[in-house]
Amino acid sequence: MLFDDLIALLDNVWLTRMWTYQEILLASNPILVLGNTHLQWSMLERAIIFLQYSGVCGRLQPRLNRVLEAWTELVLSRDRLHAFQAASSDNSVRPRFSSP
């Protein structure tokens with residue numbers, strides 16, 4: 001029942017809470033904790049991207065595909081945020097307050 005376990009993890013009620021997104025987006029090395037189980041975000045992130053873009057889950061378990069879409073958006077949002085932070089920290093990206 002691998003797909004059922006994956007759905008139980010990824011479709012948990014805490015996914016709908018704003019602090020979940022804040023913690024994952026802003027933490028330098030997020031770790032997911034569920035009971036006695038700990039999982040580094042980077043491992044889950046790779047699994048989500050693989051499952052979403054391989055198409056395996058959508059064909060085998062349509063409900064998992066819907067859940068993966070939400071998590072994929074979170075993964076991509078985190079990547080975008082970190083890319084922006086890296087670009088803005090090298091002093092080449094500066095706001096121009098005097099320009100229209």
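Is Thr72 buried or exposed, and what is its relative accessibility?

Mentor: Thr72 counts as buried because its relative accessibility is 5%, where buried means under 20% relative accessible area, exposed over 50%, and partly exposed in between (1.4 Å probe, protein chains only). The model is a predicted one, in which local features need pLDDT of at least 70 and side-chain atom pairs count only at pLDDT 80 or more, whereas totals for chains, interfaces and linings use all residues. Residues are numbered from 1 along each chain as its sequence is written, and side-chain values use heavy atoms, with hydrogens and water left out.

The mean pLDDT of the chain is 75, and 80% of the residues score at least 70; pLDDT is the predictor's confidence in each residue, from 0 to 100. Confidence is highest in strand 2 (residues 37-40), at a mean of 86, and lowest in helix 4 (residues 56-60), at 65. Where pLDDT is low, the predicted coordinates should not be read in detail.

The overall layout comes next. The chain has five helices and two strands, where helices (H or I, at least four residues) and strands (E, at least two) are DSSP runs numbered from the N terminus. Along the sequence they follow the pattern α-α-β-β-α-α-α. The chain has 100 residues, of which 24% count as buried. Among its contacts with a separation of 6 or more, 55% join residues 24 or more positions apart; contact means heavy atoms within 4.5 Å.

Thr72 itself lies in helix 5 (residues 62-89). If its neighbours within four places in sequence are set aside, Thr72 is in contact with Ile48, Ile49, Gln52 and Tyr53. Not counting residues up to four places away in sequence, Ile48 touches Leu68, Trp71, Thr72 and Val75.

Trp71 is another contact partner of Ile48. Beyond its neighbours within four places in sequence, Trp71 is in contact with Leu10, Trp14, Leu15, Ile24, Trp41, Leu44 and Ile48. Several of these names return in the description of the core. The largest nonpolar core has 17 residues, and those with the most contacts inside it are Leu10, Trp41, Leu44 and Trp71. A nonpolar core is a set of buried Ala, Val, Leu, Ile, Met, Phe, Trp, Tyr and Cys residues joined through side-chain atoms within 4.5 Å. Helix 1 (2-10), helix 3 and helix 5 each supply at least two residues of this core, and helix 5 gives the most, with six.

Arg46 is placed in helix 3 (residues 41-54), but Arg46 is exposed because its relative accessible area is 56%. Arg46 and Val75 are 29 residues apart in sequence, and their C-alpha atoms are 9.1 Å apart in space. Val75 is also one of the residues that Ile48 touches.

Asn12 occupies the loop between helix 1 and helix 2. With a relative accessible area of 21%, Asn12 is therefore partly exposed. Leaving out neighbours within four places in sequence, Asn12 is in contact with Ile7 and Leu34. A separation of 9.8 Å is found between the C-alpha atoms of Asn12 and Val67, which are 55 residues apart along the chain.
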